[in-house]
Amino acid sequence: MTAPDRKPHETRVLVERGELADKLEKLSAFIESAEWHGLPETDRDLLIEQRNHMTEYLGVLQRRVARFL
């Protein structure tokens, strides 16, 4: 399906998927950084939990996109 044939909500989910993938990539890189290791354990745990939820959310968006691409 070409861009002009997409419905507005399909375009929005594609944009949302891209934005989330970018944020997830940046968070994952931060979790591998020396700065992350200097954070308190509670903060590190919360960031890992956040990454896990973002990964699940991205999976949902990818399944939605697969239904119309």
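How many aromatic pairs does a search of the whole structure find? The search returns zero such pairs, where rings of Phe, Tyr and Trp (its six-membered ring) are taken to pair if their centres lie within 6.5 Å, with planes under 30 degrees apart counted as stacked, over 60 as edge-to-face and the rest as tilted. The structure is a predicted model, in which local features need pLDDT of at least 70 and side-chain atom pairs count only at pLDDT 80 or more, whereas totals for chains, interfaces and linings use all residues. Residues are numbered from 1 along each chain as its sequence is written, and side-chain values use heavy atoms, with hydrogens and water left out.

The protein contains three helices and zero strands, both being DSSP runs numbered from the N terminus (helices H or I, at least four residues; strands E, at least two), and its order along the sequence is α-α-α. Its radius of gyration, taken over C-alpha atoms, is 16 Å, well over the 11 Å that the globule rule gives for 69 residues, so the protein is more spread out than a compact globule; the globule rule used here is 2.2 Å times the number of residues to the power 0.38. The C-alpha trace spans about 50 × 15 × 15 Å along the principal axes. Of the 69 residues, 23% count as buried, where buried means under 20% relative accessible area, exposed over 50%, and partly exposed in between (1.4 Å probe, protein chains only). Contact is defined by heavy atoms within 4.5 Å, and among contacts between residues at least 6 apart in sequence, 62% join residues at least 24 apart.

The largest nonpolar core has 13 residues, and those with the most contacts inside it are Val 13, Leu 20, Leu 27, Met 54, Val 65 and Phe 68. Helices α1 and α3 (41–66) each supply at least two residues of this core, the largest share, six residues, coming from α1. A nonpolar core is here a set of buried Ala, Val, Leu, Ile, Met, Phe, Trp, Tyr and Cys residues joined through side-chain atoms within 4.5 Å. When residues up to four places away in sequence are not counted, Val 13 touches Leu 61, Arg 64, Val 65 and Phe 68. Leu 27, which is found in helix α1, is buried with a relative accessible area of 10%, and, with neighbours within four places in sequence left aside, Leu 27 is in contact with Leu 47, Gln 50, Arg 51 and Met 54. The C-alpha atoms of Leu 27 and Glu 41, residues 14 apart in sequence, are 16 Å apart in space.

Ile 31 also belongs to helix α1 and counts as buried at 5% relative accessibility. Beyond its neighbours within four places in sequence, Ile 31 is in contact with Trp 36, His 37, Leu 47, Ile 48 and Arg 51; its C-alpha atom is separated by 7.8 Å from that of Ile 48, 17 residues apart along the chain. Trp 36 lies in helix α2 (residues 34–37) and is buried, with a relative accessible area of 9%. Apart from residues up to four places away in sequence, Trp 36 touches Phe 30, Ile 31, Arg 44, Leu 47 and Ile 48, and between Trp 36 and Leu 47, which are 11 residues apart in sequence, the C-alpha to C-alpha distance is 9.3 Å. Arg 44 lies over the face of Trp 36, at 5.7 Å from the ring centre, under a criterion that requires NZ of Lys or CZ of Arg to be within 6 Å of the ring centre and within 35 degrees of the ring normal.

Side chains of opposite charge can pair when their charged atoms come close. With a salt bridge defined as a side-chain nitrogen of Lys or Arg within 4 Å of a carboxyl oxygen of Asp or Glu, the count comes to one. This salt bridge joins Lys 26 to Asp 22, the closest N and O atoms being 3.2 Å apart. Both residues lie in helix α1 (residues 8–31), four residues apart, about one turn of the helix. Lys 26 counts as exposed at 55% relative accessibility, whereas Asp 22 is partly exposed, with a relative accessible area of 35%.
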